[in-house]
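Please look over the report below alongside the sequence and the 3D view.

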Amino acid sequence: MATAELEDILERHRRDPLQLLQILIELQARDGWLAPATLGALADALGMPRARVESTASFYSFLHTRPAGEYRILFSDNITDRMLGNQALMQALCDKLWLQPGKVSEDGLVSVATTSCTGMCDQGPALLANGRTVTRLTPERIDEMAHLIRRRVPVGDWPPEWFHVEDNIRRRDVLLDHGLAPGAALAAALERGPTGLLSEIERSALRGRGGAGFGSDIKWRSCRDAWGDAHYVICNADEGEPGTFKDRVLLSSYFDLVVDGMCIAGMAIGANKGFIYLRGEYRYLLDRLETRLAQRREQGLLGRNILGRGFTFDIEIHLGAGAYICGEESALIESLEGKPGKPRIRPPFPVTNGYRGQPTTVNNVETLALAALIAVRGGEWFRAIGTPASTGTKLLSVSGDVARPGIYEFPFGVSVTEVLEAAGARDTQAVTSAGAAGHCLAADEFGRRIAFEDVATGGSIMVFDASRDMFEVARNFAHFFAHESCGFCTPCRVGTAVNARLLDKLAADHGSPYDLDEIAKMHRLMQGASHCGLGNTATIAIDDMLAKFRPAFERRLHSPDYEPAFDLDAALSQARRMTGRDDPGAHLGDNHEALAEARPHAQGAHSSADPVSAKDLQP
Amino acid sequence: MNDSFLLDGEDIPFTPGQTVMQAAAAAGKYIPHLCWHPDFAAHGSCKLCTVKIGGRFATSCTVRAAAGQEVENRTEELDAKRRTLLQLLFVEGNHFCPSCEKSGDCALQATAYEMGMLTPHFDHFYPDRPVDASHPDVLLDFNRCILCELCVRASRDVDGKNVFALAGRGTRSHLVVNSDTGRLADTDFAATDRAAAVCPVGVILKKRVGFAVPIGLRTYDRKPISAGMGADDKAGAGIGEAG
């Protein structure tokens with residue numbers, strides 16, 4: 001990269017080490033990857049240790065510290081993508097390009113791999129091509145894509161309809177039918193003033209929509225009351241929970257209400273600056289959102305002296321780069337500060353020590369939009385909707401085995417059955433009520449209600465009909481968490497990896513009841529001992545599935561006794577290749593029994609095999 | 001001050017601002033730990049020091065002591081969890097105690113003995129972690145790394161050099177060295193650095209002094225790690241630095 005280009009990027013980011021992640025994202029967009037020399041030059045320019053630049057560059061899935069090809073194709077690998085056939089499509093693309101998944105082609109042209117849920121579950125299977133979202137994949141699209149890649153047609157010149165993202169709004173209520181002009185909610189809030197606004201939020205009993213349900217008025221008041229040089233508002237648009245896509249729709253089609261909500265939060269807590277942390281998967285929205293922010297500045301709805309009332313508040317959009325953990329608010333703030341997204345030790349909480357150590361409120365996109373509504377219509381109006389403990393409506397992202405996947409806005413208190421009926425679900429076996437990180441409900445629980453006091457959810461509702469293998473759902477979730485664990489604490493880092501291995505062991509026909517107990521044991525360890533919500537919730541759905549859909553797991557058991565994960569015969573394959581042998585004597589397995597008969601003392605050989613031998617065979 | 005809390009039924013005095021771990025260490029009480037060190041800011045990542053306070057799990061190196069708290073520490077439930085955590089650490093890396101120079105001075109090994117860990121239990125991950133022998137005085141054997149960041153903290157906060165950092169994510173997390181080549185020889189690291197003496201396991205090993213103290217006469221051969229709490233941890237010499 002030319003030095004002038006690097007200088008330009010650095011200048012735009014004020015040579016601020018806290019902008020490191022944003023700078024890395026831009027550098028990679030230009031170069032396709034982050035070369036060692038680039039990292040070194042950047043470290044020098046920012047005056048920070050190179051190793052710290054490397055920490056950030058190597059943490060995020062979408063940043064590559066090795067060449068990843070001119071075309072980087074990442075298939076969304078949520079369970080809903082799998083149910084729509086993404087694995088066959090990925091294999092087809094690899095076959096056409098003479099590629100192995102996860103490897104770069106020898107000419108350096110292309111790599112094909114998987115990535116966590118891209119938030120297109122209502123129009124999957126989906127993929128990211130050099131970071132751009134492609135939806136509704138079909139074998140025909142895959143065929144054509146292979147041609148385009150081989151002919152080196154830039155992603156920007158691919159058929160525009162491939163990049164089309166539908167809102168798929170299926171049920172509207174007070175939020176999706178708000179009918180307010182841009183800035184109207186902000187004007188109403190400025191009229192009420194911070195104290196009046198906070199009273200209305202308190203009266204509304206609004207609770208955070210990310211899933212945890214913390215009282216918004218308490219969060220805003222404690223942030224307002226905290227001493228600091230500056231206060232910050234952060235809009236958490238890192239919608240990473242598998243099966244969630246409601247924030248995508250709010251940002252696409254209700255952005256003014258969200259921005260109004262951020263400005264209102266800024267007024268309430270005494271902040272002049274806000275950030276939208278936009279997940280990297282939604283990069284395609286960035287230009288549109290930036291344009292709208294610029295228009296609002298011209299219209300007096302953002303920036304200095306908003307609506308001529310002396311209130312100053314501006315917004316910067318930061319991109320994520322493929323890290324589910326950044327949905328956790330303190331990890332998000334670390335990422336916003338250019339660091340790896342590892343959750344902080346809490347307390348102190350962000351409301352007192354957040355971005356740059358200053359009082360910061362982190363709110364979900366939906367919460368901010370609802371706060372804007374409350375500013376206009378008042379707390380009493382809002383409180384009349386929903387249940388006493390869960391006021392207002394909730395946006396549900398419904399996907400999986402339903403006739404009409406999409407966004408459903410229901411008042412809290414709606415039953416799971418009602419949601420399923422609205423979405424056209426039939427013969428439903430199971431519903432995951434809060435993505436991969438929440439409970440999995442069986443049919444006898446569908447009478448339960450969506451509410452913080454019953455079925456709490458951030459809005460991800462994935463539906464599985466009777467034809468689905470719940471074991472494969474559990475295995476998909478286990479791999480998701482192993483991939484997304486930040487690696488900070490022992491129980492989550494190693495526990496998620498052990499879980500994924502245990503489920504793979506079952507899938508490979510090596511399972512025994514012992515392994516099911518081990519999965520339950522990991523659940524008991526990780527809940528409670530983990531550093532943050534990721535580890536604490538990573539095994540909830542799997543544990544539920546194990547309890548409620550046990551036959552799906554027991555079908556996989558190879559024997560009632562202990563079975564090692566290690567396959568002795570498979571481990572010999574390398575030795576067979578090296579010696580050019582493939583005769584029966586070079587195999588265990590069937591031959592193993594004959595051997596055991598001949599030598600009675602060798603019976604234990606299979607189960608006591610030391611995995612070290614597998615390593616010894618490697619060159 | 002005469003504030004105090006109960007640790008396994010024993011009265012432990014504390015001064016405001018102290019963590020449960022700090023107060024326990026000051027009172028000579030052992031709460032198992034690997035990433036905590038009295039001289040450095042708490043990290044809270046190994047989770048060995050997980051205790052129960054009022055029935056809820058808490059990380060004792062980061063949670064503040066409060067008057068009247070009832071803290072459970074060495075219960076069978078908690079020690080069982082610690083055993084599992086230790087097993088996870090053992091299978092995640094490549095720990096060959098019998099051939100490791102740190103054997104007998106290793107906090108991971110000593111804590112495993114203390115918790116009664118008899119086997120690694122889980123299938124080994126066998127990660128591929130090449131060693132770095134480039135530095136004239138110090139060998140880096142990443143196979144033993146438990147990602148506690150004590151060397152990161154010591155080099156940054158005491159030595160002022162930032163020689164180490166953690167990179168990667170999840171089980172791909174790994175220690176990196178701050179040089180263009182990634183080699184320790186190309187940094188300003190010195191065997192006299194605090195970071196050279198702080199590793200609780202056998203990653204940072206001084207050359208030419210291997211096995212100077214015979215196995216059988218090493219730190220934790222002489223006394224269990226639980227007995228070390230107080231002397232080392234209060235004086236600031238810390239675990240792992242005796243060898």
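Helices (H or I, at least four residues) and strands (E, at least two) are DSSP runs, numbered from the N terminus. This is a predicted model, in which local features need pLDDT of at least 70 and side-chain atom pairs count only at pLDDT 80 or more, while totals for chains, interfaces and linings use all residues. Residues are numbered from 1 along each chain as its sequence is written, and chains are lettered from A and ligands numbered from 1 in the order in which they are written.

**Backbone geometry**

A:D427 lies in the loop between α16 (416-423) and β13 (428-432) of chain A, and its phi is positive, about 60°, although the residue is not a glycine. A residue is called buried if 20 or more other C-beta atoms lie within 10 Å of its own, exposed if 12 or fewer, and partly exposed in between, with C-beta atoms placed from the backbone. A:D427 counts as exposed because it has 10 C-beta neighbours inside 10 Å. B:K47, in the loop between α1 (20-26) and β3 of chain B, is another residue other than glycine with a positive phi, near 65°; B:K47, however, counts as buried because it has 29 C-beta neighbours inside 10 Å.

|---|---|---|
| A:G124 to A:P125 | about -10° | between β2 (110-115) and β3 (127-129) of chain A |
| A:P347 to A:P348 | near 0° | between α13 (329-336) and β10 of chain A |

**Sheets**

Two strands are taken to pair if DSSP finds at least two bridges between them. In chain B, an open sheet of five strands with mixed pairing has the order β2-β1-β5-β3-β4. Its edge strands, each pairing on one side only, are β2 (10-13) and β4 (56-59) of chain B, and the twist from one strand to the next averages 40°. Angles of this kind run from 0 to 180 degrees between N-to-C directions, and axes are lines fitted to C-alpha atoms, for helices over the stretch in contact.

Within this sheet, β1 (residues 4-7) and β5 (residues 70-72) of chain B pair in the parallel sense over two bridges, and B:L7 has B:V71 in β5(B) as its bridge partner. On the other hand, β3(B) and β5(B) pair in the antiparallel sense over two bridges, with B:E72 in β5(B) as the bridge partner of B:K52. Strand β3 (residues 50-53) of chain B is also joined to β4(B), antiparallel, by four bridges, and there B:I53 has B:R56 as its bridge partner. The hairpin of β3(B) and β4(B) has two residues between the strands, and in it B:G54 takes a positive phi near 55°.

Chain A has an open sheet of five strands, again with mixed pairing, in the order β8-β9-β7-β6-β10. Here β8 (303-306) and β10 (360-364) of chain A are the edge strands, each pairing on one side only. β8(A) and strand β9 (residues 311-319) of chain A pair in the antiparallel sense over two bridges, and the bridge partner of A:I306 in β9(A) is A:F311.

**Helix packing and contacts**

α19(A) and helix α21 (residues 540-548) of chain A pack at an angle of about 140°, with their axes 10 Å apart. For contacts, two residues count if their C-beta atoms, placed from the backbone, lie within 7 Å. A:L516, A:I519, A:A520 and A:H523 in α19(A) meet A:I542, A:D543 and A:L546 in α21(A).

The contact between the chains takes 33 residues from chain A and 32 residues from chain B. On the side of chain A that touches chain B, α3 (36-46), α4 (50-57), α17 (470-484), α18 (490-507) and α19 (513-529) of chain A each supply at least two residues, and the largest share, eight residues, comes from α18(A).
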